[in-house]
Amino acid sequence: MCHLTPPYFRLRFTGELPTIGPLKTLHLYLTRQVFAALVMTVVVFTFVLLLGNALKEILPLLISGQIQFGAVAQAVGLLVPFVWVFALPMGMLTATLLIFGRFSADQEYTAVRASGVSLMSLVSPVLLLSIALCGVSALLNMEIGPRCRVAYTSLRSKLAQQLLNVYLPEHTFIKDFPGYIFYVGKNRNGQLQDILIFTLKNETNAEYRVRAPRGLMQVDVPNKKLTLTLYDAKMIPLGDSRDSPMSGGELLVELKLEAKDKGAARPNVDDMTFSQLTAELSDLEQRLRLPVPLKTLTPEQRQARRKEWEQLRKDLGPVVFNMHRQVAYSFACFGFTLVGIPLGIRVHRRETNIGIAIALVLVAVYYSFILIGQSLTNRPEFLPNVIVWIPNFLFQAVGAVLLWRANRG
């Protein structure tokens, strides 16, 4: 006959001591799984987003040998922090959907709940991880990302100018020389083939079309000249020109090389850091408050001053919107995590494609509000600064309700 004291029954059935060790193990297990899936999904989304930015613009130039690998690596390295602004929340949402979907499908979640562990205590480390990622997202959104984007734009402009001035890249319509549009089929160290040139009238209408099977490119760097010698050229007038066509001759085209350095240019509002936006907002507000004695101005000066005020008010909208957008983006990881955990448990599927599909749908819903707000930056009556916060409130509220219901169930 076994004699057990009442305290033993309390410890055994209430789970006060025996579950402390296993709960820590579960926390470590889930955190490692979510973090590993987060790293994997962020890498995938980063690569996909880079394909639509740097790689599609610069990779063909690397393959053709027109730029060095170091320039490509530098461009990609500058663009990665900007891409992480979007890849990090998307990766966190996908990671939670995948891990908790498998956790539920493998009956691990059922076993954990049967042992008396609540869902809230189980997912608390994952929620803390999402809050920490909000801090990382804030740093990327408000400081690192915009600066890297400006540096990437400057590098891309510099590379493009060098290529246009020296290389004339193949299979590309070149519109950077005033009055001309160029197309080169092949460029082998200045030996050109399949050349097509449109001469423009008033920078819009094509006046002549020139074709040549071959040509020679010569660059005079000291005098900043680019000379194209076209052989067997055919010139055909276009539009309402009454000139006669010319063919079979040698045509000389001289172009001026003008270096365009945009590195020191003022960044666009969309590419400003939060501190730069704050300074820009302060400057605009100060200019709006600048007292001007209208009685001393002429009617023309008053009208010019009113137009200036209207323009300053229009300039305020994008600045304020981008400040709200940067801060709102920073909370996306937490909202996505709140939604992803209960949805993953409810979907109850191990397939990766299901989790990715749900994640893409939720990401599309989230960023649709951002795009709507961005399109209304010049319409303050529609409150674009409030619209940009709606997806955060929506996802966090829906996620909290779903998590509460899952915890009760």
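Which residue in β2 is the bridge partner of Phe182? In this predicted model, the bridge partner of Phe182 is Ile197. The pair belongs to an antiparallel arrangement in which strand β1 (residues 180-188) is joined to strand β2 (residues 191-201) by eight bridges. Two residues separate β1 and β2, and the strands form a hairpin. In the turn, Asn189 has a positive phi of about 55 degrees. Strand β2 also pairs with strand β3 (residues 205-220), again in the antiparallel sense, over 10 bridges. Within this second pairing, Leu200 has Ala206 of β3 as its bridge partner.

A nonpolar patch was found on the surface, formed by Met40, Val44, Phe47, Val48 and Leu51. Together these residues have about 460 Å² of accessible area. Val44 is placed in helix α2, which spans residues 20-63. The relative accessible area of Val44 is 46%, so this residue is classed as partly exposed, the range for that class lying between under 20% for buried and over 50% for exposed.

The second largest pocket holds about 310 Å³ of space. Its lining consists of 19 residues, and those nearest the centre of the pocket are Phe82, Phe86, Asp270, Arg325 and Tyr329. At least two lining residues come from each of the helices α3 (69-105), α5 (119-167), α7 (299-329) and α9 (352-375). Helix α5 makes the greatest contribution to the lining of the second largest pocket, with five residues.

Key:
Residues numbered from 1 in each chain as written. Predicted model: local features only at pLDDT ≥ 70, side-chain atom pairs only at ≥ 80, totals over all residues. Heavy atoms only, no water. Patch = residues over 30% accessible without salt bridge, like charges linked within 9 Å, V, L, I, M, F, W, Y side chains within 5 Å. Areas by Shrake-Rupley, 256 points an atom, 1.4 Å probe, with all protein chains shown as cover. Salt bridge = Lys/Arg side-chain N within 4 Å of Asp/Glu carboxyl O. Helix = DSSP H or I, 4+ residues; strand = E, 2+ residues; numbered from the N terminus. Buried < 20%, exposed > 50% of the residue type's maximum accessible area, 1.4 Å probe, protein only. Pairing = 2+ DSSP bridges. 1 Å grid on protein atoms, 1.4 Å probe; cavity = no way out; pocket = protein on both sides within 12 Å on 5 of 7 lines; lining within 4 Å. Points joined across faces, edges and corners; volume = space filled by probe spheres on them.
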